[in-house]
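Visitor: I am new to this structure and would like to learn how to read it, one feature at a time. Could you take me through it?

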Amino acid sequence: MTISTEAHKPLPFSSAVGSLIEATDAIKNFRAIALLALTFIGAVLVGGVLTMLAGSMSSVVLAFLGGLMAFLVMFYGSNAVGILLMRDAQGQPGLSLVDAMLVSLYTSHRLIAVVFLEFLIVLAAMIAIAIILFVCKIPVLGPVLYTVVFPLSAIVLGVLVFALFYVMLPLAGPAAWSGASVFQIIARLNQIVRTKLVSVILLEVLLFLITSFVALLIFGVLGTGVSLTTGMSAGILGLGGQMNIYALASGLGGGSGSGYIIAAGLGGGLLMAAAAVVPGLIFTKGVCIIYLDATRNVDFSASEASLNDGLATVKKKAEEARERARALAEQAASPAAPAAPAAAPAESLQCPNCKAPVASDDAFCGECAHKLK
């Protein structure tokens, strides 16, 4: 997927707020509604069936597999919904449900890599601060150093956590849905944190309020309807006091009117699930709008180049360390060089006359008195 660039000027904050109201238009995207509903149903069915089998077979592996499969269905299905809503927010032609799922299967793993890298960054910062705090244990100098370390550490960790939970995690999805690679996502989110942290947080708070208001409105309407329908059903169907929060359990127990109770439980569950789809869609499209506003007419080439240079430096150092370790390992594994052979003893001298052994400094042979020098 290619990343579309927009040549528009950045929207002022008031215009960004106005565009954020358009997130409520997500309820008009019937493909997204259908896909999110199918995602919820699929996750419940897959997880429920495997969990029931695990309970009947007392298998921990099946229970874990059920939870994992339900998570994967929700993860890839939700990302496919995000891809549909991102294209809607960008004004691009929509995708079919099958194409959206295929794109999600191909690109959604980027989110896992981004989240993992973000937590590694926070963990590295905490380790570095912990090392500095150990240094502060030095007598006399430690308390003086801690006077500076304490406020700086609080600021660094506070900004990191705020950036992680209010910018990195919420906007990583829209960045991936727009087609960015893992390192492009990191570079872009890093620049958003450095330049637009406050405005993004304010827009996210507004989005939360809008989503909460819509959810309260929907569930308020449904709650009133369910309450009235429950009272009428109890009188007309002759269910008496069985239509209450324990009705489903009573129906499963085989009491009077259990069929109606089970039907009410299933129908009510589907109704609540359908109601939860709408706030979810509004929130998803809202974060897409916030991301597009934060990245509109922003040049990320410098940030991406800086990240690539840093990665190249890290790779180079890692390669040098690997080559050094390999050389040391080969040196340790090679056999020790053999010791130099001892010098051969000098050839023994003999008297040319009687062949008796003589020394090199002898002037005459000790046997026959033959003159040697």
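Predicted model: local features only at pLDDT ≥ 70, side-chain atom pairs only at ≥ 80, totals over all residues.

Visitor: Let me begin with a pair of helices: at what angle do α2 and α3 pack, and how far apart are their axes?

Guide: Two packed helices are described by the angle between their axes together with the distance between those axes. Here α2 and α3 pack at about 175 degrees, and their axes are 8 Å apart. Because an angle over 145 degrees counts as roughly antiparallel, α2 is roughly antiparallel to α3. The residues of the contact of α2 with α3 divide into 21 nonpolar, six polar and one charged.

Visitor: How many residues does α3 have, and what follows it?

Guide: Helix α3 has 31 residues and reaches 45 Å from its first C-alpha to its last, close to the 45 Å expected at 1.5 Å a residue. After α3 comes Gly91, whose phi is positive, near 75 degrees.

Visitor: Which residues of α5 are buried, and what covers them?

Guide: An α-helix has 3.6 residues a turn, so residues three or four places apart point the same way. In α5 (residues 109-135), the buried residues are Arg110, Leu111, Val114, Glu118, Val122, Ala125 and Ile129. What covers these buried residues includes α3 (60-90), α4 (97-107), α6 (141-177) and α7 (182-236).

Visitor: Where is Val287 found, and which residues does it touch?

Guide: Val287 is found in helix α9 (residues 258-295), and it is buried, with a relative accessible area of 5%. Not counting residues up to four places away in sequence, Val287 touches Pro170, Leu171, Pro174, Trp177 and Leu207.

Visitor: Where does Asn29 lie, and is it buried or exposed?

Guide: Asn29 lies in the loop between α1 (13-21) and α2 (30-57). With a relative accessible area of 15%, Asn29 is buried, because buried means under 20%. Leaving aside neighbours within four places in sequence, Asn29 is in contact with Leu84, Leu85 and Asp88.

Key
Residues numbered from 1 in each chain as written. Heavy atoms only, no water. Helix = DSSP H or I, 4+ residues; strand = E, 2+ residues; numbered from the N terminus. Buried < 20%, exposed > 50% of the residue type's maximum accessible area, 1.4 Å probe, protein only. Contact = heavy atoms within 4.5 Å. Axes fitted to C-alpha atoms, helices over the stretch in contact; angles between N-to-C directions. Parallel < 35°, antiparallel > 145°, perpendicular 65-115°, else oblique. Nonpolar A, V, L, I, M, F, W, Y, C, P; charged D, E, K, R; others polar. Expected span 1.5 Å × (residues − 1).
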